Amino acid sequence: MNGLGTYAGDPKPLDRSWLHKQWRQVRLWRRFLAQAVVRETHYRAHFLTTVLVGLVQLGLGIVPILLLFGYTSEVRGWSRAEVIALTGMFQIVTGLMAAFVAPNLNRMTTYITEGELDAVLLRPVSSQFYLTLRWINVAELGNVASGAVVLVVGLVQSGAGPDLEQIVQALLLAACGLVLLTAVWSAMSFLAFWLQSVNPIGAIYLNLVEAGRYPLVFFPVAVRAFLTFAFPVAFASTFPVQALRGDVGWTLVAGGLALAAVAITLVRLLWRRGLRTYSSASS
């Protein structure tokens, strides 16, 4: 028994529990979001420019679809409206990543090679959480909204009428896609612990993620396996839209959740491994 009236073997106080730490991180992230909104109000032109660029990119993504379906009404079981809906779903997920993930992972090399990680490690918060979610680009949420509009338009044109169960399945699969793509990008970025720069790897990631603009069945079998398990962009676009049209069961959803859990665990282990090899760049 110590001077505080507790025994050494007693459970830790509630305010030091794992749940309390997670809630503290949620509150901290809310502050990050509030700061990002304040910054955005000072640079309204940046918001408009980002939205306009997103609309142009969305339009450029739809043009090839219109050209392809100008000669046929269906490709491998997908109609033009369904592929347009898929484009909207892809815009939503990538817009969320551009808003909440990209501003942080693009800084990873600088954090590690220029010694800025030292100050982060001294903060009373998970360093991985801080480096992955600290910065937020609120303007990218405009692209998420435009993607949602395209998704709805595509579903209406295709005649799809998803029920509540299908909508829940689509949301879960899209969330899995978001987590999986973030995990892959994080793993690539954490290689900065061993490489001088991961910018070339980041360029490869951005090129690969573009495959999510098209249905998985458009690719050869080997590529489909790669885009499902190794680089699981299919969970960000194809599978959610398939769920909305009633072609997906709960087995795929469970598989996506399990794959996301494994990815999070592996990325966490990679981060800890990197920290053990890290030596201050500022010393």
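Predicted model: local features only at pLDDT ≥ 70, side-chain atom pairs only at ≥ 80, totals over all residues.
**Helix pair**

Helix α9 spans residues 164–190, and helix α10 spans residues 199–209. Their axes come within 9 Å. They cross at roughly 160 degrees. Angles over 145 degrees count as roughly antiparallel, and α9 and α10 are therefore roughly antiparallel to each other. The crossing is right-handed. On the α9 side, the contact involves Leu-181, Val-184, Trp-185 and Met-188. Ile-201, Tyr-205 and Val-209 meet them from α10. By class, this contact has seven nonpolar residues, with no polar and no charged ones.

**Salt bridges**

The count comes to three salt bridges.

| Pair | Closest N and O atoms |
|---|---|
| Arg-245 and Glu-82 | 2.8 Å |
| Arg-213 and Glu-210 | 2.5 Å |

Glu-82, Arg-245 and Asp-247 are linked in a network. Arg-245 sits in the loop between α12 (238–244) and α13 (250–277), while Glu-82 belongs to helix α3 (residues 80–100), so their bridge ties together parts that are 163 residues apart in sequence.

Glu-82 is buried, at 16% relative accessibility. Arg-245 is partly exposed, at 23%. Asp-247 is partly exposed too, with a relative accessible area of 47%.

Arg-213 and Glu-210 form a further bridge. Here Arg-213 is buried, with a relative accessible area of 12%. Glu-210 is partly exposed, at 35%.

Note on methods: Residues numbered from 1 in each chain as written. Heavy atoms only, no water. Axes fitted to C-alpha atoms, helices over the stretch in contact; angles between N-to-C directions. Helix = DSSP H or I, 4+ residues; strand = E, 2+ residues; numbered from the N terminus. Parallel < 35°, antiparallel > 145°, perpendicular 65-115°, else oblique. Left-handed = near helix turned anticlockwise from the far one by under 90°. Contact = heavy atoms within 4.5 Å. Nonpolar A, V, L, I, M, F, W, Y, C, P; charged D, E, K, R; others polar. Salt bridge = Lys/Arg side-chain N within 4 Å of Asp/Glu carboxyl O. Buried < 20%, exposed > 50% of the residue type's maximum accessible area, 1.4 Å probe, protein only.
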